[in-house]
Amino acid sequence: MDGAFQVILVLWVCCGYILAEICPPDWNRYGESCYFISNTTMDWYQANRTCTERSRANLAYPTSQPEQDYIWELFQNKFPSTDLWIGCNDIEEEGNWQECPMKSGTNGYANWGDGEPNDQYESDCGLIRLSNNGLWDDYPCTHGLFAVCKLPVCSVRLTPKCLLRHAMEELEKSCSGKGCRSHPQYQTSLIDNCCDDQ
Ligand SMILES: [Ca+2]
Ligand SMILES: [Ca+2]
């Protein structure tokens, strides 16, 4: 018997619940994270707010080449002819880039195009550039682009009563509203109580 299945079976028989890791509706899962591409364009500040207000997510920034490739493919499948805001910025201090290091190394992953970021036109916000095969560029934050939000997968406790009372979509909605595993606001609550109000 598969090990993961054994754990689920033991939880179900002994404790009356199973654990499930899910993403909210319309989000896409990759690894331990969920991703959402906005349906409209907006400036970088609004993009950042949109992610925060939407399930308390963050404006995503790739932290590895596989994640960069996943986000880029996800975006190209939805909007194949434009650029995409990511969370990198040097708004607070020119040249001091938040979230995205200047070069890949001990500070993390970087994917800047040649000569970028160059602060042309007083550019303080990072984007994935269509015309440069997805390499990063800096651009004025007031420009209107799509946004990519990122959220840790939600860990929910499913009981038989819960499963009877809720459709999966409803579970996902309640999960996205109540907290997610590893999210800074919920680190003390590794299992949220999506179904504990039965
Ligand atoms: Ca700048
Ligand atoms: Ca630039």
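The side chain of W136 makes a polar contact with the side chain of Q68 at 2.9 Å, a polar contact being a pair of N or O atoms within 3.5 Å, where within protein one atom must be able to donate a hydrogen and the other to accept it, and residues adjacent in sequence count only if both atoms are side-chain atoms. This is a predicted model, in which local features need pLDDT of at least 70 and side-chain atom pairs count only at pLDDT 80 or more, while totals for chains, interfaces and linings use all residues. Residues are numbered from 1 along each chain as its sequence is written, chains are lettered from A and ligands numbered from 1 in the order in which they are written, and side-chain values use heavy atoms, with hydrogens and water left out.

W136 itself belongs to strand β7, residues 136–139; helices (H or I, at least four residues) and strands (E, at least two) are DSSP runs numbered from the N terminus. With a relative accessible area of 1%, W136 is buried, a word that stands for under 20% relative accessible area, with exposed meaning over 50% and partly exposed in between (1.4 Å probe, protein chains only). The C-alpha atom of W136 is separated by 7.5 Å from that of E116, which is 20 residues apart from it along the chain.

R129 in turn lies over the face of Y139, at 5.0 Å from the ring centre; a charge sits over a ring if NZ of Lys or CZ of Arg is within 6 Å of the ring centre and within 35 degrees of the ring normal. K78 lies over the face of F36, at 5.5 Å from the ring centre.

Turning to the aromatic rings, the count comes to eleven aromatic pairs, where rings of Phe, Tyr and Trp (its six-membered ring) pair if their centres lie within 6.5 Å, and planes under 30 degrees apart count as stacked, over 60 as edge-to-face and the rest as tilted. Y30 and Y70 form a stacked pair, 4.5 Å centre to centre with 10° between the planes, and this pair links Y30 in strand β2 (residues 28–30) with Y70 in helix α3 (residues 65–78), 40 residues apart. Y30 counts as partly exposed at 31% relative accessibility, whereas Y70 is buried at 19%. Y35 and Y70 form a tilted pair, 5.4 Å centre to centre and 55° between the planes. Ring pairs also link W72, F75, F79 and F146 into a cluster.
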